[in-house]
Amino acid sequence: MNTAFSPAPAQRLFPRLWMLVAGVVALGAVARLCMWATYAGASRATELLWPVLLQGARYDLVAGAICALLVGLVAAPVWLSGRREQAVRGTQWLLVALLLLFALLSVCEHFYYGFYKTRFDPIVFGMFEDDTGAILETVWDDYPVIPGVLGLVLGGALLGWGVPHVGRWLGARWPKGSARWAQVLLLVMQCLLLLLLARGTVGTFPLVRRDVTVSADPFVNALVLNAPLTLYRAARIRARETDIATDPLVGVHRLGFASLKQAAMAVGLPSSDPGQIRSALFPVAPGQPRALAQSPHVVVGLLESFGQDLLYADGPGNDLLGRLRGELAHGYRFDNFIAGQNGTHPTLEYLLLGTPITPLANGRNARLAFDTSAALPFKRAGYRTAFLYGGGSDWRELGTALPQQGFDQVYDARDIRQRFPDARGTDWGLYDAYLFRFAQELLTQADARGERLFLVLLTTTNHPPFQLDTPHPRLPLDPSALGPRALDDKAELRKMLATYQYQADEFGGFLQQLRQGPLGKRTLVAAAGDHNLRSHYHYDLPSEQVDVDRVFAYLRVPAAYVPPGEGPDVRAFAGHGDLIPTLVSLALPGERYFATGRNLWERPTDGGQALAQVERLYTPEGVLVPLVKPKLHAWRDPRHIAVEGRMPGAASAAQVRRTAAGVALRDWYIREQVLRLRH
């Protein structure tokens with residue numbers, strides 16, 4: 001054997017393994033500093049950065065040590081076989097690859113946070129279930145892909161040159177024992193140290209299973225983990241949510257309840273009998289049933305990226321509503337409507353299936369029929385049920401899943417284009433004008449046949465890359481009206497405002513045509529944004545979290561279907577879970593529905609509440625987060641909450657406990673149903 005290449009293992013391999021650990025720690029610190037500089041906001045105290053960096057370094061050591069141990073395990077067989085030079089070289093290239101991967105994930109998460117206002121979460125995996133080509137094209141158009149790739153290539157070149165040189169330099173200075181026992185002892189001590197660092201603690205639980213709380217400021221806590229660990233956590237959450245496994249109580253336990261009985265008691269049910277819980281989850285809308293001929297058509301619109309915060313900048317010189325402005329007086333616009341989820345498909349499932357588990361109706365579940373579906377009360381009442389989407393019905397398997405949920409027909413871009421051959425669109429779907437024209441024709445045809453139609457609409461135009469090359473009214477736009485928080489690129493901001501304005505104007509035109517025609521007297525319309533526009537503002541989180549979560553919402557009820565009473569409180573908190581209970585109560589008295597929320601027509605006694613992402617509960621006192629062991633972030637003004645949370649009072653604690661229990665029971669019911677249907 002060539003002794004020139006056979007020094008002690010600790011002298012050749014371990015310096016490189018420790019370089020990997022040090023590199024991960026350094027990259028983690030740089031990533032946190034970049035996120036702090038970009039997203040922390042001027043009001044964030046700088047002294048909070050140091051706890052982030054110190055606690056974050058502990059998690060970086062965990063990630064680095066795990067990577068080092070994996071590299072060591074890969075290199076060990078090669079080393080022990082006598083090919084020690086190959087083992088060293090292989091270790092060096094693995095080190096370079098892992099550091100580049102860490103850097104790539106950190107960069108991707110930096111921009112992900114800017115878009116979604118959260119670290120990696122389960123939505124990140126939607127890229128592979130969504131229109132992946134359209135997503136990649138949007139990334140190409142909106143993000144610095146070429147500079148990023150060049151940066152990674154340059155970083156790889158520097159690492160490829162530097163790692164061998166630094167490794168040799170460290171190897172020459174690495175502690176050596178003169179005796180073999182000293183070499184073995186040094187090797188064992190380093191292995192044990194790596195194992196200890198990978199665990200992160202000498203306590204009962206590994207560091208990665210502990211809370212990352214270093215402050216009462218959620219933004220500060222969010223920065224502690226590094227990108228690989230947040231991706232790992234997102235994968236764990238996704239697996240927990242989508243893998244129903246064999247235990248329907250998984251969600252009940254996760255929300256802090258020891259048993260189904262405890263959750264039932266917390267929500268105020270007199271019995272924990274599963275049959276009675278199921279009955280309580282399906283209340284009956286009050287009132288006497290009416291004949292189908294006297295029932296209204298019902299339209300539910302989910303409007304792409306139609307957040308509320310842009311409308312604070314609406315005015316004569318920056319007209320963001322168009323024809324919708326004139327229609328608001330003919331219905332109810334809700335001021336505090338909170339998005340149930342942070343993505344189009346999760347919100348759609350939350351709205352139509354009432355599920356806290358998402359994605360639910362994908363993969364093997366796409367062919368399951370859930371009795372929680374929003375279409376079923378209308379189907380039982382004799383309605384024709386339809387779903388209309390401006391994109392392709394293969395998106396998220398809608399064409400497979402929705403017919404199982406009681407929808408008679410799923411219309412998509414192909415149907416719209418067949419009716420309007422000149423229809424144009426973007427990578428995501430046809431322009432909204434054609435979708436609303438098609439919807440108007442569906443209503444007219446159903447009415448002429450004596451049918452009643454339950455129609456769900458999903459728009460697509462107000463979506464990156466914010467393309468609008470179709471005829472539309474040229475209404476005034478002024479990006480400067482958004483103020484200093486707005487995106488610096490005014491040309492890109494104008495494109496966003498244009499598609500936002502276009503969607504509002506076309507929706508307003510649809511409402512106007514209904515109101516001015518005979519259908520207006522017998523058509524209920526409820527519409528809401530799926531989530532906010534996301535990338536138009538620099539948000540100071542969590543202070544401005546409400547601007548991220550609040551979306552436009554509107555309810556139109558013809559005079560013949562207006563119940564007695566004062567009507568809805570448009571200032572009370574409400575959310576997507578309230579839409580279907582409201583519509584069933586207005587259109588289908590005497591019909592059963594899945595209890596996902598309250599009837600908005602009935603004024604809440606507590607000022608209302610709304611749940612965002614099964615995590616944040618909005619109340620008149622403030623925002624309670626998370627549902628388990630919550631802190632109350634009190635209101636500073638209608639658009640800002642306190643950065644630091646405090647322990648909630650007894651009333652608020654009881655309120656969030658009841659809400660968590662309601663979510664837990666719905667979670668249990670959905671999981672039990674999946675398990676039953678699969679067998």
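**Exercise 1. Find how many of the residues of strand 4 (residues 384-389) are buried, and say which residues lie on each side.**

Solution. Strand 4 is mostly covered, since six of its six residues are buried, where buried means under 20% relative accessible area, exposed over 50% and partly exposed in between (1.4 Å probe, protein chains only). Strands (E, at least two residues) and helices (H or I, at least four) are DSSP runs, numbered from the N terminus. On one side of strand 4 stand Arg 384, Ala 386 and Leu 388, and on the other Thr 385, Phe 387 and Tyr 389, so that both faces are covered.

This is a predicted model, in which local features need pLDDT of at least 70 and side-chain atom pairs count only at pLDDT 80 or more, while totals for chains, interfaces and linings use all residues. Residues are numbered from 1 along each chain as its sequence is written, and side-chain values use heavy atoms, with hydrogens and water left out.

**Exercise 2. Determine which strands pair with strand 4, and in which sense.**

Solution. Two strands pair if DSSP finds at least two bridges between them. Begin with strand 6 (residues 453-458), which runs parallel to strand 4 and is joined to it by six bridges; here Leu 388 has Leu 457 as its bridge partner. Then turn to strand 5 (residues 409-411), which pairs with strand 4 over three bridges, again in the parallel sense, and in which Gln 409 is the bridge partner of Ala 386.

**Exercise 3. Locate the salt bridge between Asp 60 and Arg 32, and decide whether its two residues are buried or exposed.**

Solution. A salt bridge is a side-chain nitrogen of Lys or Arg within 4 Å of a carboxyl oxygen of Asp or Glu, and the whole structure holds 24 of them. For Asp 60 and Arg 32, the closest N and O atoms are 2.7 Å apart. This pair links distant parts of the chain, with Asp 60 in helix 3 (residues 49-80) and Arg 32 in helix 2 (residues 14-39), 28 residues apart. Both Asp 60 and Arg 32 are buried.

**Exercise 4. Classify the residues of the salt bridges Arg 119 with Glu 109 and Arg 449 with Glu 451.**

Solution. Arg 119 and Glu 109 meet at 2.7 Å, N to O. Arg 119 is buried because its relative accessible area is 8%, and Glu 109 is buried because its value is 2%. Arg 449 and Glu 451 meet at 3.1 Å, N to O; Arg 449, at 48%, is partly exposed, and so is Glu 451, at 23%.
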